[in-house]
Amino acid sequence: MSHQLFGNADSAITIKLDAIVANWRYIDSLSAPTTKTAAMLKANGYGLGSGAVATALAQAGCELFFVANLTEAIELRAVFCQTGDVNIKIIVLHGIQYGQESDFSAHRLVPVLNDLDQISCWRLFAAKTGKPLPALLHFDTGMTRLGLDTNQTNWLIHNRQALEGLELHYVMSHLVSGEVVDDPVNAQQLARFNEIRHWFSDTPASLANSAGTMLGKDYHFAMTRPGIALYGIHPCENLDSPLLSTFEWQARILQIRDAAAGDKVGYGGTHQLARDSTIATLGVGYADGYNRK
Ligand SMILES: *Cc1c(COP(=O)(O)O)cnc(C)c1O
């Protein structure tokens with residue numbers, strides 16, 4: 001099972017969906033059977049094509065998909081409407097902004113609520129529609145990016161009525177340095193997350209990104225959220241990585257020619273031949289994915 005991400009007569013990038021599925025299964029096997037393994041599909045599935053990746057992973061049993069924003073979420077919902085996977089949960093990391101409520105509802109999307117404003121926005125809509133609305137709650141434990149900060153967290157703990165009308169599926173946080181196994185920040189974040197979680201003991205929890213899935217059982221909780229590892233890149237740049245490579249780039253050789261020692265090759269004569277050589281020219285350029293840098 002594969003799909004072509006990009007291709008023309010001379011060059012093609014092929015995504016190996018089987019390898020992505022195998023990587024998902026491997027990461028899933030690191031945690032207990034009771035821990036769900038979600039899939040991170042933000043940024044078009046890390047550039048590999050979110051629709052094809054999502055369809056393959058849903059067939060393998062993945063039920064929880066994260067995207068960055070509303071646009072990605074609506075596109076993904078359309079994919080699952082076509083495949084008939086009605087029970088898939090699509091979770092939006094950026095959360096909800098005023099004006100997006102009816103889109104979230106119509107496409108059955110679950111926002112990650114990152115601050116008190118987002119909580120109010122979704123709760124007001126729940127009150128208006130009169131039905132409970134699903135959400136994840138994101139607490140910042142050290143990233144200082146998205147998520148409720150310490151003040152907002154403390155306020156919410158003592159003002160639980162602010163969550164009325166919301167159906168909390170998970171409380172979550174995000175690791176700063178999971179890929180540095182012995183960084184003390186990991187244990188600090190884990191301790192802080194457990195402190196907060198204590199106040200939401202009825203709600204399942206989620207902390208681990210790819211690197212977190214490899215930090216051991218304490219980090220797994222009820223759901224893990226791997227991204228980069230699904231696509232074959234080991235977060236610790238482990239050379240013995242059990243993860244499979246997930247794409248392949250092939251290009252046609254357009255020309256083979258002889259060149260003499262001292263000849264210069266390419267724009268600006270960037271390379272000078274040290275010896276008489278045979279030169280093969282491939283049919284790829286920057287437009288095909290060759291890195292301009
Ligand atoms: C991107 C992201 C992930 C996945 O991270 P990887 O390092 O790619 O596994 C998990 N959780 C959140 C909140 C993210 O933004």
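This is a predicted model: local features need pLDDT of at least 70, side-chain atom pairs count only at pLDDT 80 or more; totals for chains, interfaces and linings use all residues.
# Chatting through a protein chain

Colleague: How far apart are the mean positions of the positive and negative charges in the protein chain?

Modeller: They are 3 Å apart, for 22 positive and 28 negative charges. Lys and Arg count as positive and Asp and Glu as negative, while His and the chain ends are not counted. Each charge is placed at NZ of Lys, CZ of Arg, CG of Asp or CD of Glu.

Colleague: What does the C-alpha trace span along its principal axes?

Modeller: The span is about 80 × 45 × 35 Å. The accessible surface of the chain is about 15200 Å², and carbon and sulfur atoms hold 51% of that. Those areas come from the Shrake-Rupley method with a 1.4 Å probe; for residues, only the protein chains shown count as cover.

Colleague: And what share of the residues count as buried?

Modeller: Of the 293 residues in the chain, 44% are buried. Buried means under 20% relative accessible area, exposed means over 50%, and partly exposed is in between (1.4 Å probe, protein chains only).

Colleague: Which residues touch the most other members of the largest nonpolar core?

Modeller: That core has 61 residues, and the ones touching the most other members are Ile20, Leu57, Phe65, Trp122, Leu137, Leu156 and Phe200. A nonpolar core is a set of buried Ala, Val, Leu, Ile, Met, Phe, Trp, Tyr and Cys residues joined through side-chain atoms within 4.5 Å.

Colleague: Let's pick one. What does Phe200 touch?

Modeller: Leaving out residues up to four places away in sequence, Phe200 touches Leu137, Phe139, Leu156, Ile157, Arg160, Leu163, Leu168 and Val171. Contact here means heavy atoms within 4.5 Å. Across the chain, among contacts between residues at least 6 apart in sequence, 62% join residues at least 24 apart.

Colleague: Now strands! Which way do strand 1 and strand 2 run?

Modeller: Strand 1 (residues 2–7) and strand 2 run antiparallel, joined by five bridges. Two strands pair if DSSP finds at least two bridges between them. A hairpin of three residues links strand 1 to strand 2, and His3 stands opposite Ile15 in strand 2.

Colleague: Is strand 2 mostly covered or mostly open, and how many of its residues are buried?

Modeller: Strand 2 (residues 11–16) is mostly covered, with five of its six residues buried. Strand 2 also pairs with strand 12 (residues 247–251) in the antiparallel sense over five bridges. There, Ser11 has Ala251 as its bridge partner.

Colleague: In what sense do strand 8 and strand 9 pair?

Modeller: Strand 8 and strand 9 pair in the parallel sense, over six bridges. Leu133 stands opposite Leu166 in strand 9. Strand 9 (residues 166–172) is mostly covered too: six of its seven residues are buried.

Colleague: Switching topic: where is Arg108 found?

Modeller: Arg108 sits in the loop between helix 5 (101–106) and strand 7 (109–113). Arg108 is not a glycine, yet has a positive phi of about 50 degrees. Most residues other than glycine have a negative phi.

Colleague: What about Thr144, buried or exposed?

Modeller: Thr144 is exposed because its relative accessible area is 67%. Thr144 also has a positive phi, about 55 degrees, without being a glycine. Its place is the loop between strand 8 (133–138) and helix 7 (150–158).

Colleague: Last one, strand 16. Why does Ser277 count as buried?

Modeller: Ser277 counts as buried because its relative accessibility is 16%. Ser277 lies in strand 16 (residues 277–282) and touches Arg257, Asp258 and Ala259, not counting residues up to four places away in sequence. Ala280 is also found in strand 16, but Ala280 is partly exposed, with a relative accessible area of 45%. Leaving aside neighbours within four places in sequence, Ala280 is in contact with Ile253, Gln255 and Ile256.

Conventions:
Residues are numbered from 1 along each chain as its sequence is written. Side-chain values use heavy atoms; hydrogens and water are left out. Helices (H or I, at least four residues) and strands (E, at least two) are DSSP runs, numbered from the N terminus.
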